[in-house]
Amino acid sequence: RSGSRMEAPQGRAAALATACLSYSRGGPGRALALRAVTAASAQDIDNVGRKYHLKLVLEDILDKDNIVNCTAEVLYHLGNTNAAPDVHFEIEGELKSTDEQDNTFYNRIRSLKEELVAQDIPDSHGNVPPEMEPIRALAQAAAGYVVWQNSTEDTQYHLAQIKHVRQVKRSDDYLEFDYMVLLHEFVSQEIIPWQMTVLWHPQHGVKVTQNSRQ
Amino acid sequence: QKVFRVIPQNEEQVEIISSLASRMQVDFWQPDSVTQVKPKMKVDFQVEADKSFEVESLLAQNKMEYRVLIDNLQTAIEAQFDSKVRTAGHSYEKYNQWETIAAWTADIAAQNPDLVSRSVIGETYEGRQMYLLKVGKSGTNKKAIFMDCGFHAREWISPAFCQWFVKEAVETYGKDSVMTNILDRLDFYILPVLNIDGYVYTWTNNRMWRKTRSKNAGSFCIGTDPNRNFNAGWCSIGASDNPCDATYCGRTPESEKETKALADFIREHLSTIKAYFTIHSYSQLLLFPYSYTYKYPSNFEELNSIAGTASKQLASLYNTKYTYGPGAETIYPAAGGSDDWAFDQGIKYSFTFELRDTGRYGFLLPESQIKATCEETVLAVKYLANYVLQHLY
């Protein structure tokens, strides 16, 4: 379908589900994005909150033909709790393996003589150097966690830019990156700087060990 | 100096031109000299500015139709020079700095005098001239469509689109029948950048700036959100009364020089402006009123239908999916928008475009996507313009 009517709250729930999927399945070799919402409904649950039922189509930005269908449930809790929304999802079928890209990236970073440092990804004109794409995909996945933890029914976050990223050398097998990113919050239109400490390993996936709003 | 175009209808009128040339300094651009002037021929000639009044009186007295081809030769020449010096940097497939865009507005008008003229509708807070381009074949009693870009400073694809659209207009006029028909029968008023100060700031200081750059009394925070600053449910919902916020609605409606200039222009030309398009990014949305209330406008069915078709037109090129609908429920409720204001002024066809993409690059859309984004959006704008033409009111 070339155009659609869709209501904004459902769009926000879909974006949140996508963020969670990103965190769960994303990494340097895979950046998941929402391609379409094929079904959406909301249900009020007394004394609990509002639950959205969604059918989504996601795509891997780094491999546009790699698409996958998901069903997701997003529950926003009633009241002014600090609790993150509950998100559950199921992926239909399998995502294409990214083992090769992951290992290439892993070995490349491990063999760097100096810790990786970069800024402004993308730059003002939207450019991303090819060697920075995995760094960016990793940030996208990690930001999924931050977005999930901080979302409400009235917010929608996107990763706007990596202002600064610095690799932190570790003695174990993990790669560690200290990111300063800008999150764009759609409803308020604010740009929010956020710090994230991100761990990644080809077999163990992405983990955000520390994050704070700046 | 001014350059005039006259088409003498008969020998008597040829004689009038000859006698003019004998009384004062007249430089003929075509034909080469006064002796070659014949009836029914286009005669272009240049006179000193202080003689132009006399020339116009003479032509009027003798009921000879004429046109001022070039109102100010000096300016036109300088524009050409500037264009080589500064618009040497201009590209339709790159993001251009403000100085480059400003020079381009002069250049494009000078190069296409039959189709484009430039005027100034006001000044920004920081004193920059706000250029407006009028695009269309000159004619009488023409209705118009107003289109603006660059409300929000960081939405760089937006001014890029306005520049692209003007280019499309001048390049395809006479070649593309749809565009030719549209420009023959309608004028486009195109404001390439409304929030010039903000746009400059995104180049010099902060790529993510959104608002204007006006000082706020009693606060260290700068700027007002121009799209919350119009008198449409002003500041009632979806806007902030805190000057430090990105959606600050301003001290009063039209508190910003930029929004006041736009509103003044539209008010002054209200009887001719039949549609209003305002270009933003990002999200891939085509919105219509209202955003300041969940209530539907009186012509909801019509707007919904043409928004749907326009979205389909847009998608036909590269399969770029747009969502469409009334602002409040499709994106978020937000008062003070220019589209709602224009609609409530009586402009029945009022649309907000949110261009590419849906968040992957967001405001930082790569230059490599400018062409495709603009090409597909042109299709939607042409469709809507055509629709307006067929439903003039």
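**Exercises: helices and chains**

The crossing of α6(B) and α12(B) is a left-handed one (the near helix is turned anticlockwise from the far one by less than a right angle; clockwise would be right-handed). This is a predicted model, where local features need pLDDT of at least 70, side-chain atom pairs need 80 or more, and totals for chains, interfaces and linings use all residues. Residues count from 1 along each chain as written, chains are lettered from A and ligands numbered from 1 in written order, and side-chain values use heavy atoms, without hydrogens or water.

**Exercise 1.** Work out how α6(B) lies against α12(B).

- Step one: find helix α6 (residues 177-185) and helix α12 (residues 370-390) of chain B, whose axes come within 10 Å and cross at roughly 50°.
- Step two: that angle makes α6(B) oblique to α12(B) (under 35 degrees is roughly parallel, over 145 roughly antiparallel, 65 to 115 roughly perpendicular, the rest oblique).
- Step three: look for the contact residues, among them Val178(B) and Ile182(B) of α6(B) and Ala385(B) and Leu389(B) of α12(B) (contact: heavy atoms within 4.5 Å).

**Exercise 2.** Now try α1(B) and α2(B).

- Step one: α1 (residues 11-23) and α2 (residues 52-61) of chain B pack at about 160°, their axes 11 Å apart.
- Step two: α1(B) is therefore roughly antiparallel to α2(B).
- Step three: Ile16(B), Leu20(B) and Arg23(B) of α1(B) meet Glu54(B), Val55(B) and Leu58(B) of α2(B).

**Exercise 3.** Find the salt bridge between chain A and chain B.

- Step one: the contact involves 33 residues of chain A and 38 residues of chain B.
- Step two: one salt bridge is found across this interface (a Lys or Arg side-chain nitrogen within 4 Å of an Asp or Glu carboxyl oxygen).
- Step three: Glu133(A) pairs with Arg360(B), their closest N and O atoms 3.5 Å apart.

Note on methods: Axes are lines fitted to C-alpha atoms, for helices over the stretch in contact, and angles run from 0 to 180 degrees between N-to-C directions. Helices (H or I, at least four residues) and strands (E, at least two) are DSSP runs, numbered from the N terminus.
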